[in-house]
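Subject: Structure handover

Hello,

Here is the structure you asked to look at. Please open it first, then read the notes below it.

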Amino acid sequence: MGFYVLSYICVAVFILATGYRVYRQITLPVHVRWEIYPVQHETGAKVAYGGSYLEELNWWEKKYESSLFNELKYMAPEIFFLRGLWKENRSLWRVSFPFHFGLYLMIATFGLLLLHACFILWRFPAFAAGSTIRTLLDGLIIFTGWIGLILGNIGSLGVLYKRRIDPELRDYSSFADYFNVGFIFLFFLSALVACLLGDPVLEGAKAYVLGLLTGGHSLNPYVPGQSVPGKVAIVSASLLTAYIPLTHMSHMYMKYFLYHDVKWDDAPNRRGGSIEAAILKNLELKPTWKAKHVEADGRKTWGDIASSAPKEMK
Amino acid sequence: MSKSLKPSDLAKPSDCLCHIEPGDLSPLPPPYEDFNQATIPPLKPEKVNNIETSLDDTVAIGIPKPASKEEEEALVRQFLSGLKKLFEKENNWTFLQPLLLSMEHCAKCQTCANACPVYEMSGKKDIHRPMFRAEVLRRIYNKYLKPGGKITAKLTGDIDLNWTTIARLAELSYRCTLCRRCATVCPIGVDNGLINHEIRKLFSQEMGVAPKELHDKGSTQQLRVGSSTGMNPLAVKDSIDFIQEEMEEITGYKVDIPWDVEGADILLLHNAGEILSWPENVGAFAIIFQAAGLSWTLSSETTGYDAVNYGVWYDDIQFARVAVRHTDIARRLKVKKIVMGECGHAHKALTVTADRLLTGELNIPRESAMVTLEDIVLSGKLQFAPIRNNFPVTLHDPCNMVRSMGIVEPQRRILRKIAPRFREMTPHSVENYCCGGGSGFAIMSGYNFAEWRNLVSSRKKFLQILTAFQDEPQEIPKYVCAPCSNCKGAIRDMIDYYHAEERSHLYYGGLVELIVNAMANMKKPIIRFGEEPSWES
């Protein structure tokens, strides 16, 4: 039961920490535009060469449009295959891709394990033992699990090695950078060893995830954590789940905000629109910068200061 | 090969943290090999006696050395106070979200370093890595402003905070041109250029530290006198009168430049530097607009005749004041739109960055001159004889106009129509390299900073230009089209510095000059290569 308690706590930390990160982002004030081109949701031919709607004569008379298809066309290879790193830093991609793809496959495996557990709990008729769906799902779990573990082990070892031997990376790496990758490697290694030593079809993982959904009362008689590597895998996976959102590794999903709220945030401010309303709110804020020319006294708002000439200029 | 430097080294006192030795800089091809062993001329001791010079071979700001230990400590406290404010919405709503995201998610993969022309051309000096200064700020923030930071710093990256750290960080923030090429290649989306921008803001807005060319003689003078050039409204009107006369003499075309026309369709905003340094640019705009029958005007009101907004590089307060002033003048003139002349940073400042600052009647439509000109040139309103531009032309992409605004094709469509020997640089468009004069560098020349700019930050652009024309005979005049005043300034200086007019017959100018040069009804050419006209009348 202790394993389950640990996992529940870690999942709760993940949800809270991620929730906090996301909440903080969506409640931050609207910032000035700082997009950078190419903006991948641009429409038509512009996306290919990095153009924008600002290339149009009297652009403000036209409707602001963006293309979800163009965005997805760019983001899918970026997320799954690290397209940017492939293009700009090939030697790092060689270790970073298996590392990240291994993690993705672990997440996918966990999703499949959850689905497997749900089918069992719901007593889904088409999921009876020996059925096509069950055979297919079992096969998928084995496939994603094994490929993910192999890639993850190669990738995390590769990332550790590269960080250690490449002076460009080594000179800027702290203990925490090694610890983070080492921690992930510990999970990959222990899970791989657990599978190799006696659980090649991931029965233990299935049972553990089923147990997670039943408060430890698994319908399956398999007892989790039978082997030391299995125990280490469960503990490290749980702790990683809690740890990732507390570190810069949250870039896995916070990248959404880096791209959508900054790099590609090209939405124009229209009179009477929601952006204008947010700006008006910002202009009521009272800065306290100390340099003389700012002339902030804690009472003047941004709006007051922006529309005034400071004394040194009069 | 110089020894590698880590972010924590910034805090360790020494006379010069990073020195360029002969042969360190990236090599130039013939006939410029004589610059391959060049170094930055030493600073004159009598000129830098009382200022901080311990970062490298040059000085951009010239921060006075503190007189006592107490003063040093007070400045450190002031720095920390400013750093805290960068993370408060009351003080930094303008960039809070981008800053937080970039501060918290860097994976230190160094992909950005390969994209940085300053890092590459400097001989890969560590201090010029885009993430170097960002990492310094990140470590200071984590250690000194986060709870438990002094303990976690041992695990996440340590740095000492003292006057040396601060003085060097201030100087270092003026070794990056804010071209943001690094940000385009970051797989995560981290923007080290932005963090550099925020460092500059901290120093300016909290400590009053900024290069005098940007602040005292820049935005302050612009708000007080009317222009960063020092021209007041009377002087600017005189200069424009002179340009009108000159244009008729040069091209044989009589032009009337309108002032303060209420209700005109367009308020044209020039970088006032054009009026002084490249008057033919201002004249060419007038010829085109007049010939196309546009309803337009210039403003003679203080600040209204100078599009520059240096605040966009170092100070949000100054940026906001100038942007509000520009649009308020347009509002009172009741124009339909503001058209930005050939000035890249002014484009970005007023069109994009200020878009989330201007509300109500101040939110007047702004358009790039590239777009207005494209409409004129491609619409058939004017007749052209492109053969008049029968010389090799390449196009420089101003970072602020292209990478930061996505205005890429209008200027190219114009050139394809009027310049038969136009060719691209490699790489170009949104992947372009900065001219080396970005973020204020083009106008900064105190101490020996201009030498550093020409040798280091402009070097990549110079190489690109040479490569673009490498298949042309040496004796043929070649034209670098740079539709941005600051870029033109940097290109002018690099041509002078490397003697490229004599050695490669390199010339430079704006886009409008090329347009006017190809206009069929011009009696004489506006473009000359030295003493030689670009075509015979």
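**Domains of chain B**

Chain B is divided into domain 1 (7-207), domain 2 (216-373) and domain 3 (382-533); domain bounds come from an automatic or database domain assignment. This is a predicted model: local features need pLDDT of at least 70, side-chain atom pairs count only at pLDDT 80 or more, and totals for chains, interfaces and linings use all residues. Residues are numbered from 1 along each chain as its sequence is written, while chains are lettered from A and ligands numbered from 1 in the order in which they are written.

The centres of domain 1 and domain 3 of chain B, taken over C-alpha atoms, are separated by 30 Å. Between them, 28 residues of domain 1 of chain B are in contact with 26 residues of domain 3 of chain B (in contact: C-beta atoms, placed from the backbone, within 7 Å). On the domain 1 side of chain B, α6 (117-121) and α1 (45-48) each supply at least two residues, and α6(B) gives the most, with 4 residues. Helices here are DSSP runs of H or I with at least four residues, strands are runs of E with at least two, and both are numbered from the N terminus.

**A helix pair in chain B**

Helix α7 (residues 130-144) of chain B packs against helix α8 (residues 149-156) of chain B at an angle of about 140 degrees, with the axes 7 Å apart. Axes are lines fitted to C-alpha atoms, for helices over the stretch in contact, and angles run from 0 to 180 degrees between N-to-C directions. The angle makes α7(B) oblique to α8(B) (under 35 degrees is roughly parallel, over 145 roughly antiparallel, 65 to 115 roughly perpendicular, the rest oblique). Among the residues that meet are Arg139(B) and Tyr144(B) from α7(B), and Gly149(B) and Ala153(B) from α8(B).

**A sheet in chain B**

Chain B has an open sheet of 4 strands in the order β6-β5-β7-β8, with parallel pairing (two strands pair if DSSP finds at least two bridges between them). Its edge strands are β6 (422-423) and β8 (506-509) of chain B. Strand β5 (residues 393-395) of chain B is joined to β6(B) by 2 bridges, and Val393(B) stands opposite Phe422(B) in β6(B). Helix α24 (residues 485-497) of chain B lies across β7 and β8 of chain B, at about 165 degrees to β8(B).

**Chain A**

Chain A is divided into domain 1 (2-33 + 82-263) and domain 2 (283-313). Where the chains meet, 71 residues of chain B are in contact with 70 residues of chain A.

Regards

Notes. Two residues are in contact if their C-beta atoms, placed from the backbone, lie within 7 Å.
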